[in-house]
Amino acid sequence: MDQTDAGRAAAKVADRDRLYIDGEWVKPLDALPMPVQDPATEDVVAHVPAAGSADVDRAVAAARAAFDPWASLSPADRADHLDRLLAALSARSEQIAATVAIEVGTPIKVAQRVQTGLPLAVLRGYAARARAGFEPETIGNSLVVREPAGVVGAITPWNYPLHQVIAKVGAALAAGCTVVLKPAELTPLTAYLLFDAIDEAGLPPGVVNLVSGSGPVAGAALAAHPDVDVVSFTGSAATGAAISRLAADRIARVTLELGGKSANVILPDADLAKAVKVGVGNAFLNAGQTCTAWTRMLVHRSVYEEAVELAATASAGYPTGDPFDPATRLGPLVSERQRDRVRTYVDKGLADGARLVSGGPDAPVPARGWFVAPTVFADVDPDDTIAQEEIFGPVLSIIPFADDDQAVAIANNSRYGLAGGVWSGDEERALAVARRLRTGAVDINGGAFNPQAPFGGYKQSGIGRELGEHGLSEFLETKSIQR
């Protein structure tokens, strides 16, 4: 058995034919098997149930029945449950990383560090926050208290199949809510490992429920359900709008974490080599399938051509290959459809006259699997399609600017506003530019991701925030009691 085969074996991938409802693994009422494919091999590796609306009804009913007892628990008791879940999930970390590598295509080292390590850190933070409780606030003659919002319908994406779940489920449980989770149909296996851990940890029946299935069926049923108080969704802007419409009829709260087209602004006094290297790595993380990816690199004209050469060199350091090969830095796209979509954008960039610096449609990639070569375009017009639309693949656009004002204007020339970066040898200058960017998060000179800071976007990048105190607040109601 070679290294790649051993890695796949560690995932212990197998068919699942049950849903997790009311604390038990139960047969779906009416569901056909739904295939899960390995994007590196194109093989079907497992099947899970595609739940229908009747299964969603069962899950929501279980969550509703469990809400009052769970919400009534002391903060310390809820925290104890989350600590036990954290321990059960941590014991599965190797299997989780291998499973993510199989169903997403994330290189195993990144799957271990980011896809597994990050959500464990987030859950640890929510367990600590649950233990702290929510102290009431006195405003004049009013006692202001925070209370659990109710039953949460969590609908999560395929690109970070554990982190995005924990960001919602961990916060909701810490707040005292109960949850029905509908994971992405392309990557449900990681969610099943989470629910193995939930079952082992002994969370009370009905507190967390799993309905695997498609977005148009299970996802829509969950978003429209009259007994769901909060819908938390991560995915495309188009689907987010559709979910908002489904929830609007009953005036349900909706939180949305949607797309991005983030700008990485490199000012002329920046450490150019570092800024470009980190920027390319950010754009290509998870094969570019990251909503916060800095897919627009904005560079001052005085160092522009040097930056283009540095980006080409950096791009060459991202060989495509099997996720379990230690030499691989760029895995496949998650599906054939996603691969074809990204190829269409590459062709569009060429047709619009952008200069191909590296990669492109003729660059070599493995014959088997849904791969796209790491691609860098220069001389991209800020209004070009590849500079405006979220590609969700390893495609970087480099755009020149003349001064700070123009850099800000180009960066803000987007319907999205999720993330971004600013690089400068003068931190105050970088901060001034960062404050002008219409985006939910900005990293200055490669500042590290903070899982306790609020995460979310401006404009069509979403509504509300995830992570930390601000993320937990999305699952709380505020009550004023006058005395």
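Reader: At what angle do helix 3 and helix 7 pack, and how far apart are their axes?

Author: Helix 3 (residues 75–90) and helix 7 pack at about 130 degrees, and their axes are 8 Å apart. Before we go on: this is a predicted model, where local features need pLDDT of at least 70, side-chain atom pairs count only at pLDDT 80 or more, and totals for chains, interfaces and linings use all residues. Residues are numbered from 1 along each chain as its sequence is written, and side-chain values use heavy atoms, with hydrogens and water left out.

Reader: What counts as a helix or a strand here, and what is an axis?

Author: Both are DSSP runs numbered from the N terminus: helices are H or I with at least four residues, strands are E with at least two. An axis is a line fitted to C-alpha atoms, for helices over the stretch in contact, and angles run from 0 to 180 degrees between N-to-C directions.

Reader: Why are helix 3 and helix 7 called oblique?

Author: Here are the cut-offs: under 35 degrees is roughly parallel, over 145 roughly antiparallel, 65 to 115 roughly perpendicular, and the rest oblique. The angle for this pair is about 130 degrees, and therefore helix 3 and helix 7 are oblique to each other. Their crossing is right-handed; that word is used if the near helix is turned clockwise from the far one by less than a right angle, and left-handed if anticlockwise.

Reader: Which residues make the contact between helix 3 and helix 7?

Author: Helix 3 brings Arg84, Leu85, Ala88 and Leu89, while helix 7 brings Leu194, Ala197, Ile198, Glu200 and Ala201. Contact means heavy atoms within 4.5 Å. By class, that gives seven nonpolar, no polar and two charged residues. Ala, Val, Leu, Ile, Met, Phe, Trp, Tyr, Cys and Pro count as nonpolar, Asp, Glu, Lys and Arg as charged, and the others, Gly among them, as polar.

Reader: What makes helix 8 oblique to helix 9?

Author: Helix 8 (residues 215–224) and helix 9 (residues 237–248) pack at about 40 degrees, with axes 8 Å apart. That angle makes helix 8 oblique to helix 9. The contact of these two has six nonpolar, no polar and no charged residues: Ala220, Ala223 and Ala224 in helix 8 meet Ile243, Leu246 and Ala247 in helix 9.

Reader: How do you know that helix 10 and helix 11 are oblique too?

Author: The axes of helix 10 (residues 272–284) and helix 11 (residues 304–315) cross at roughly 50 degrees and come within 9 Å. Helix 10 and helix 11 are therefore oblique to each other. Their crossing is right-handed, and the contact residues divide into nine nonpolar, one polar and one charged.

Reader: How do you know that strand 5 and strand 6 pair?

Author: Two strands pair if DSSP finds at least two bridges between them. Strand 5 and strand 6 (residues 142–148) have three, and they run antiparallel. Glutamate 137, for instance, has valine 144 in strand 6 as its bridge partner. These two strands form a hairpin with two residues between them, and glycine 140 in the turn has a positive phi of about 60 degrees.

Reader: What makes strand 5 and strand 22 edge strands?

Author: They belong to an open sheet of three strands in the order 5-6-22, with antiparallel pairing. Strand 5 (137–139) and strand 22 (476–482) each have a single partner strand, so one side of each is left without a neighbour in the sheet. Strand 6 pairs with strand 22 over seven bridges, and leucine 143 stands opposite isoleucine 481 in strand 22.

Reader: Why is the pair of tryptophan 25 and tyrosine 192 called stacked?

Author: Rings of Phe, Tyr and Trp (its six-membered ring) pair if their centres lie within 6.5 Å; planes under 30 degrees apart are stacked, over 60 edge-to-face, and the rest tilted. The structure holds six aromatic pairs. In this one the centres are 5.7 Å apart with 10 degrees between the planes, hence a stacked pair. Tryptophan 25 is in strand 2 (residues 24–26) and tyrosine 192 in helix 7 (residues 189–201), 167 residues apart.
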